[in-house]
Amino acid sequence: MRKESKKYRLSVLLTHEFALFNGVVETGWVAECVEFDIGAQGKTMEKAIEGFLRNFVGQIMVDVAHGREPLEGIGPSPKDVAQKYASSKQLTKTALIREDSVAMPEAMPAFMANQLNLKHELRVA
């Protein structure tokens with residue numbers, strides 16, 4: 001009997017952030033999910049998205065390893081993330097993450113590869 005795939009809607013907000021460390025300005029990108037309080041940072045947009053996807057898949061792996069439903073107990077991001085997302089500009093279609101671009105870690109159970117059916121929408125604030 002084949003287990004039915006779960007579908008996760010991911011609305012991801014990308015923001016260019018500035019921070020001051022010891023008098024030096026550092027810049028980078030932050031990718032934050034609206035539906036789940038999961039995010040990542042990177043020096044480039046691509047690195048932030050890549051880190052976000054690793055964190056998202058990693059959370060599912062941790063949940064399954066501990067006998068929980070994937071993303072059980074992970075609530076939505078704070079309201080300010082949803083508000084920024086709602087007022088932000090959607091990236092062009094060519095910038096969207098393709099469903100087959102999520103690299104599965106070696107340690108992921110085989111059945112989980114079929115469970116991830118990700119739909120993405122990226123926006124830049």
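Select Ser77 to begin, a residue found in the loop between H1 and H2, where helices (H or I, at least four residues) and strands (E, at least two) are DSSP runs numbered from the N terminus. Ser77 counts as buried at 11% relative accessibility, buried meaning under 20% relative accessible area, exposed over 50% and partly exposed in between, with a 1.4 Å probe and protein chains only. This is a predicted model, in which local features need pLDDT of at least 70 and side-chain atom pairs count only at pLDDT 80 or more, while totals for chains, interfaces and linings use all residues. Residues are numbered from 1 along each chain as its sequence is written, and side-chain values use heavy atoms, with hydrogens and water left out.

Now show what surrounds Ser77: leaving aside residues up to four places away in sequence, Ser77 touches Cys33, Val34, Phe36, Asp37 and Ile38, contact meaning heavy atoms within 4.5 Å. A polar atom of the Ser77 side chain lies 2.4 Å from the backbone oxygen of Cys33.

Stay in the loop between H1 and helix H2 (79-86) and select Leu71. Leu71 is not a glycine, yet its phi is positive, at about 65°, and Leu71 counts as buried at 5% relative accessibility.

Next, colour helix H1 (residues 45-65), whose 21 residues reach 30 Å from the first C-alpha to the last, close to the 30 Å expected at 1.5 Å a residue; the expected span is 1.5 Å times one less than the number of residues. The buried residues of H1 are Ala48, Ile49, Gly51, Phe52, Leu53, Phe56, Val57, Ile60, Met61 and Asp63. After H1 comes Gly67, with a positive phi near 75°.

How many salt bridges does a search of the whole structure find? The search finds 2, a salt bridge being a side-chain nitrogen of Lys or Arg within 4 Å of a carboxyl oxygen of Asp or Glu. For one of them, select Arg54 and Glu50, whose side chains meet at 2.7 Å, N to O. Arg54 and Glu50 are separated by about one helical turn because they are 4 residues apart in helix H1; Arg54 counts as exposed at 56% relative accessibility, whereas Glu50 is partly exposed at 35%. For the pair Asp63 and Arg68, the N to O distance is 2.9 Å; here Asp63 is buried at 1% relative accessibility, while Arg68 is partly exposed at 33%.

Finish at Ser88, in the loop between H2 and strand S4 (89-90), which is buried with a relative accessible area of 13%. Its side chain reaches the backbone oxygen of Tyr85 at 2.7 Å.

Terms used
A polar contact is a pair of N or O atoms within 3.5 Å; within protein, one must be able to donate a hydrogen and the other to accept it, and residues adjacent in sequence count only if both atoms are side-chain atoms.
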